[in-house]
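Hi everyone, thanks for coming.

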Amino acid sequence: MSISGMALATLIITNGRVLTMDARHPRAEAVALQGDQIMAVGDTASIAALAGPGCRMIDAGGATVLPGFVESHLHLFMAGNELAHLQLLGIEGPEALGAALTAYAAANPDVPVIRGQGCDYAIYGRSLTRHDLDAIVADRPVLLSAADHHTAWANTKALEMAGILRGRDLPTGNEIVMAEDGLAAGELREFNAFEPVLALSGEERISAGIATGEEPNPMPGYADLMRDLEPMERGLKHCAKHGFTSLVNMDGNRYTLLVLSELRRQGRLTARVRVPFHYRPHRTPADLEQASILSAEFNDDWLSSGFVKLFMDGVIDSETAVLVDDYPATPGWKGDALHSDARFKEIAIEADRRGLQIAVHAIGDGAVRRVLDGYEAARKANGKRDSRHRIEHIELISRQDVPRLAELGVVASVQPVHAPGAMDFPVFPTMDKIARDRWVDAYLCRDLAEAGAKLAFASDWPVADVNPLRGIQAAMTRPTYEGARDQRIPLLDVLAAYTTGGAYAEHTEDRKGCLRPGYLGDVVILSDDIESVPVDQIGAMQVAKTICGGRVVWEGE
Ligand SMILES: [Zn+2]
């Protein structure tokens, strides 16, 4: 046992199976907190003796106690907002969709656009058309989004009201799919294609962080700001319930941080949140000055920025991910990158020169390579530094690029729950979009770790369920694709990717990610002992308590 300071503990957890994630003292029974920090970690008797007057005593009842989870890639504002939409995950076929959509429409008579989330790309055994949706709801606009948020399907009313029934010119990588009758088919690929429908929903302030990264225009007044606290708090509560004490948001603007700041001022902030400067393709490298300003303004353990987020490509399902070779079903098509090779190098060099971390969405092997090339150029230009630039997703990678992650000190921000068949996403049609002889390079996890890449796990919520216990199970039980290597990793490595790995990825491993005296008082108590629960039941476990900064922010029954 080790103790920092002479004052007494304010919160004590005893009788736990404590996995500290600290290699120096990996296991303990009890944890003492003093104010917002970890005070001591040790056995139940000696830790209990540290209790001061009014100290809260929590008996973990033999359950696992861990450092608070770090969710390394999510979209908090959007996801909190979407909790109020129709949830379509698991709904298949006309009958089930019809029943769900009709009931939701009746229960929500006043929403400007009827919105659904988590729509399967092959919900009818094929992609939806506007006519399919018209047959269910024709008199009100409907927009259903795929779980990955890269494709949406609209009914005729929505297409008409948004002025895109006859199509529209869009930036590269975006598409309003047109039918043989010369009108929009209903399928809208990538953000700029469905943005006109979203604009009807009155949720544009919430989507500004992902849509443009620009500030909402007009700048919201006090009443709008107050209204926006609700979806943000709904998202925070959902994350607290699942044991997250640190959240790395992957879209945003200064307004996102203002909403979070107001929640903090009101004592309603239940997790530490990082928000990037979102660099969309319409920007120029000179705009990175704004990222530096944002990072200087928000720079403490609760709210911070310090990084730049970009998209290099789209997703495999809609063939907008950038591949090295052609898509097997579409000869001649490899996807279009959102930044040219030369431009991305320019951006990477400038962001790196400013000491900013870079996080790039790169799903296809062609996109991953371009990002690595940019990071390499930044290292050549600025010299080697502890930059910890990140690549988000890495769903397909060329074998020769795997060792480059460790060589360049790049963090692999991967989502084991996205691997088809691992959790909620079916193996097909996604895997059919990838050539059979490349399945060996798809959705890697163990291979990346063995090549020395640092792993940070996440859900990309609302793309997938944020629940880390389901994520842990998925990472430990995911299928092995034909001809590929087993990519499962053991429990403690999975837990590390949700704790120490997440902290490393945000340069906070000196105060976060493990239970060690002097570290931030972020702790999660599970409902059971995760090491003795059968692996296929880990996802059904609950979080009993979440403690962030020494304050209990979630308690189950
Ligand atoms: Zn994302």
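This is a predicted model: local features need pLDDT of at least 70, side-chain atom pairs count only at pLDDT 80 or more; totals for chains, interfaces and linings use all residues.

Okay, the metal. Which residues coordinate the zinc ion? They are His73 and His75, each through NE2, plus Asp460 through OD, at 2.1 to 2.2 Å. Look at how those donors are spaced in sequence: the pattern is H-x1-H-x384-D.

Next, find helix H6, residues 191-198. Here 7 of the 8 residues are buried, so the rest of the structure largely encloses this helix. Among those buried residues are Phe191, Phe194 and Leu198.

Now follow the chain into the loop between H6 and helix H7, where you'll find Ser201. Is Ser201 buried or exposed? It's buried, at 6% relative accessibility. A polar atom of the Ser201 side chain sits 2.5 Å from the backbone oxygen of Leu198. Leaving aside residues up to four places away in sequence, Ser201 touches Pro112, Val113 and Arg115.

Last stop, helix H10, residues 288-297. Its buried residues are Leu288, Ala291, Leu294 and Ser295. Look down the axis of H10 and they fall within an arc of 105 degrees, so they line one face of the helix. Remember that an α-helix has 3.6 residues a turn, so residues three or four places apart point the same way. And what covers the buried residues of H10? The cover includes helices H9 and H11, along with strands S18 and S20.

That's my tour, thanks!

Terms used
Residues are numbered from 1 along each chain as its sequence is written. Side-chain values use heavy atoms; hydrogens and water are left out. Donors are N, O and S atoms within 2.8 Å of the metal (3.2 Å for Na, K and Ca); water is not among the atoms, so sites may look incomplete. Buried means under 20% relative accessible area, exposed over 50%, partly exposed in between (1.4 Å probe, protein chains only). Helices (H or I, at least four residues) and strands (E, at least two) are DSSP runs, numbered from the N terminus. The arc is that of the directions from the helix axis to the C-beta atoms. Contact means heavy atoms within 4.5 Å. A polar contact is a pair of N or O atoms within 3.5 Å; within protein, one must be able to donate a hydrogen and the other to accept it, and residues adjacent in sequence count only if both atoms are side-chain atoms.
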